[in-house]
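Please keep the structure in view while reading the points below.

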Amino acid sequence: MKGNPEERAVRLGEYIVAHKATVRGAAQAFGISKSTVHKDVTCRLRRLSPSLFGEVQQVLGRNKAERHLRGGAATQQKYARQGGGRTAKQGR
């Protein structure tokens with residue numbers, strides 16, 4: 001999505017809040033880089049719409065807090081699909 005960066009920043013913010021999306025998910029949905037999403041929702045959005053900026057920061061903060069859980073679940077699913085290795089119940 002090319003065009004007006006200010007308009008894009010607002011649309012990204014609305015998308016992240018509505019879908020509880022990650023930066024990566026928003027980048028994929030809009031067809032732009034994660035760096036662009038991050039710059040839009042941290043720098044531009046703060047100036048353009050402080051209230052939306054606050055909502056986006058709450059969603060991104062929650063995503064960051066849950067990041068280690070999602071990563072662990074993805075790894076567990078990966079090894080379950082491969083049919084080998086340890087499971088969470090087997091421990092170390």
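Predicted model: local features only at pLDDT ≥ 70, side-chain atom pairs only at ≥ 80, totals over all residues.

Contact here means that heavy atoms lie within 4.5 Å of each other.

**Helix 1 with helix 4**
- Under that cut-off, Val10, Gly13, Glu14, Ile16 and Val17 in helix 1 meet Leu52, Glu55, Val56, Val59 and Leu60 in helix 4, and the residues of this contact comprise 7 nonpolar, 1 polar and 2 charged.
- The axis of helix 1 (residues 5–19) comes within 9 Å of the axis of helix 4, and the two cross at roughly 45°, which means that helix 1 is oblique to helix 4.
- The crossing of these two helices, helix 1 and helix 4, is left-handed.

**Helix 3 with helix 4**
- Helix 3 (residues 34–48) and helix 4 (residues 50–82) have axes that come within 6 Å and cross at roughly 145°.
- On the helix 3 side the contact involves Val41, Thr42, Leu45, Arg46, Arg47 and Leu48, while helix 4 contributes Pro50, Leu52, Phe53, Val56, Gln57 and Leu60; by class, the residues of this contact are 8 nonpolar, 2 polar and 2 charged.
- Leu52, Val56 and Leu60 of helix 4 are among the residues that meet helix 3, and Leu52, Val56 and Leu60 are also among those that meet helix 1.

**Helix 2 with helix 3**
- The axes of helix 2 and helix 3 come within 8 Å and cross at roughly 110°, so helix 2 is roughly perpendicular to helix 3.
- Val23, Arg24, Ala26 and Ala27 of helix 2 make this contact with Lys34, Val37 and His38 of helix 3, and the residues involved divide into 4 nonpolar, 1 polar and 2 charged.

**The largest pocket**
- The largest pocket, with a volume of about 380 Å³, is lined by Thr22, Val23, Arg24, Lys34, His38, Leu60, Asn63, Lys64, Arg67 and Arg70.
- Helix 2 (23–30), helix 3 and helix 4 are the elements that each give two or more residues to this lining, and the largest share, 5 residues, comes from helix 4.
- Sorted by class, the lining of the largest pocket holds 2 nonpolar, 3 polar and 5 charged residues.
- Val23, Arg24, Lys34 and His38, which are among the lining residues of the pocket, also take part in the contact between helix 2 and helix 3.

How values were computed
Residues numbered from 1 in each chain as written. Heavy atoms only, no water. Axes fitted to C-alpha atoms, helices over the stretch in contact; angles between N-to-C directions. Helix = DSSP H or I, 4+ residues; strand = E, 2+ residues; numbered from the N terminus. Nonpolar A, V, L, I, M, F, W, Y, C, P; charged D, E, K, R; others polar. 1 Å grid on protein atoms, 1.4 Å probe; cavity = no way out; pocket = protein on both sides within 12 Å on 5 of 7 lines; lining within 4 Å. Points joined across faces, edges and corners; volume = space filled by probe spheres on them. Parallel < 35°, antiparallel > 145°, perpendicular 65-115°, else oblique. Left-handed = near helix turned anticlockwise from the far one by under 90°.
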